Each structure stands twice: as C-alpha cells, then as structure tokens.
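Student: I have the model open and I'd like a quick tour. Can we start with the pocket search?

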Amino acid sequence: MEDADATRAFYTGKLGIELTGASAFSKDPAMMQLVGAPAGTEFRKLSGVMPGPQNAAIEFTEFRGVPRTKFHLRVRDPGAPAMAIQINDETATIGQMKAAGVNILSTNGEIVDFGGGTHTIFVEDPNGMNLEIFERTATQGKGGGQGKGGGQGKDAK
C-alpha cells in the first residue's frame with residue numbers, strides 16, 4: 001500500500017471493512033528476506049476481515065526505505081489485479097465516494113445494471129488497486145441477494 005492512513009480511511013470509512021494494525025514501522029530481517037527487500041527496509045501492515053460468511057482475510061503492507069512506484073493498471077490491462085467487494089446500498093456508497101473525490105473507473109461514473117439484481121461499478125482505491133464494488137438484490141422469483149462470495153459489505157445487518 002502507498003499509505004496506511006489513507007488505506008484505512010478508505011476501506012474502513014467508505015466500505016465498512018475494519019482495518020487494524022500498528023501505526024509504527026517495524027524492522028524484521030526475516031520478513032525483508034522473504035519479500036526480497038534490502039536490509040534496513042521498514043514495513044507496517046493493516047489487516048481485516050471481509051464481511052460475509054467466508055470471513056476472507058485482507059492484508060495490506062506499506063514499505064519504507066525502498067524506491068517505490070505508484071501501482072496503477074487499467075481494468076482492461078492483461079494481468080491487472082482487481083478485487084470484488086459486495087456491499088449493501090451501492091448508490092449511497094458510490095455517492096459518498098464521488099463526493100470524497102474517489103476515482104470512479106466505470107464509464108461516465110455510472111453503476112451498471114447487469115440484470116438479475118446485480119449492479120456493479122469499478123473504482124480505484126488510494127493505492128491504485130482496481131475494485132469492483134457490487135450489490136446483489138433479490139429479484140422476483142430469483143431468491144436472495146447473495147452471490148460472489150455472499151459478503152454483506154457496508155451496512156450489513
């Protein structure tokens with residue numbers, strides 16, 4: 001991650017995913033050897049659990065003391081990573097993101113209706129990671145709004 005404070009503010013404040021971790025940087029030679037970083041490099045981590053029945057872990061690492069280039073790939077670039085996060089009340093969440101200046105990647109900054117109760121939009125997190133933010137709502141005769149991992153996301157009950 002580029003900056004722990006911005007990452008925590010985005011994921012916790014905008015998506016309701018509680019990220020925790022020490023604010024101080026650490027030095028751990030074994031960790032630096034594992035990731036191939038030079039001696040003297042420092043790091044700090046944020047971690048949390050994605051909402052939903054799978055309780056998938058998420059972790060971000062910030063390094064200090066090494067040259068860095070901002071990560072930025074377009075959604076359509078081969079090999080471009082992206083993460084999908086299911087939320088509730090996508091319209092309100094995206095409205096808050098737009099007001100906060102979050103980079104909306106989808107055409108015209110609009111949520112796309114894929115039919116069957118699925119609505120999605122791509123945004124960019126503060127680190128340049130592409131995120132697919134989606135909502136699934138119950139549709140007539142189609143059952144509940146679970147899917148794509150069944151996560152509940154922001155405002156889950």
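**Pocket, rings and loops**

Tutor: The largest pocket has a volume of about 330 Å³. The volume is the space filled by probe spheres set on grid points, joined across faces, edges and corners. A pocket is an open set of points on a 1 Å grid over the protein atoms alone, where a 1.4 Å probe fits, with protein on both sides within 12 Å along at least five of seven lines.

Student: Is this a predicted model or something else?

Tutor: It is a predicted model: local features need pLDDT of at least 70, side-chain atom pairs count only at pLDDT 80 or more, and totals for chains, interfaces and linings use all residues. Residues are numbered from 1 along each chain as its sequence is written, and side-chain values use heavy atoms, leaving out hydrogens and water.

Student: Back to the largest pocket. Which residues lie nearest its centre?

Tutor: Met 1, Glu 2, Thr 69, Phe 71 and Asn 127 do. The lining has 13 residues, meaning those with an atom within 4 Å of a point.

Student: How do the residues of the lining divide?

Tutor: Five are nonpolar, four polar and four charged. Nonpolar covers Ala, Val, Leu, Ile, Met, Phe, Trp, Tyr, Cys and Pro; charged covers Asp, Glu, Lys and Arg; the others, Gly among them, are polar.

Student: Now the whole chain. How many helices and strands?

Tutor: Three helices and six strands. In order along the sequence, the pattern is α-α-β-β-β-α-β-β-β. Both kinds are DSSP runs numbered from the N terminus: helices are H or I with at least four residues, strands are E with at least two.

Student: What share of the residues counts as buried?

Tutor: Of 157 residues, 36% are buried. Buried means under 20% relative accessible area, exposed over 50%, and partly exposed in between (1.4 Å probe, protein chains only).

Student: And contacts between residues at least 6 apart in sequence: what share joins residues at least 24 apart?

Tutor: That share is 56%. Contact means heavy atoms within 4.5 Å.

Student: Switching to rings. How many aromatic pairs turn up?

Tutor: Searching the whole structure gives two. Phe 10 and Tyr 11 form an edge-to-face pair, because their ring centres are 5.1 Å apart and their planes meet at 75 degrees. Rings of Phe, Tyr and Trp (its six-membered ring) pair if their centres lie within 6.5 Å; planes under 30 degrees apart are stacked, over 60 edge-to-face, the rest tilted.

Student: Is Phe 10 buried or exposed?

Tutor: Phe 10 is buried, at 4% relative accessible area. Tyr 11 is buried too, at 0%.

Student: What sort of pair do Tyr 11 and Phe 60 form?

Tutor: A tilted one, with 4.9 Å between centres and 45 degrees between planes. Tyr 11 belongs to helix 1 (residues 4–15) and Phe 60 to strand 2 (residues 57–64), so this pair ties together parts 49 residues apart in sequence. Phe 60 is buried as well, at 12%. Phe 10, Tyr 11 and Phe 60 make one aromatic cluster.

Student: What about phi of Asn 108?

Tutor: Asn 108 also has a positive phi, near 60 degrees. Its loop runs between helix 3 and strand 4 (112–115). Asn 108 is exposed, at 69%.

Student: Where is Ser 106 found?

Tutor: Ser 106 is in the loop between helix 3 and strand 4, but it is buried, at 12%. Beyond its neighbours within four places in sequence, Ser 106 contacts Ile 121 and Phe 122.

Student: Last one, glycines. Where does Gly 21 lie?

Tutor: Gly 21 is in the loop between helix 1 and helix 2 (29–35). It is partly exposed, at 35%. Gly 21 and Leu 46 are 25 residues apart along the chain, but 4.6 Å separates their C-alpha atoms. Neighbours within four places aside, Gly 21 contacts Arg 8, Lys 45 and Leu 46.

Student: And where is Gly 65?

Tutor: Gly 65 is in the loop between strand 2 and strand 3. It is exposed, at 64%. Its C-alpha atom is 4.9 Å from that of Thr 41, 24 residues away along the chain.
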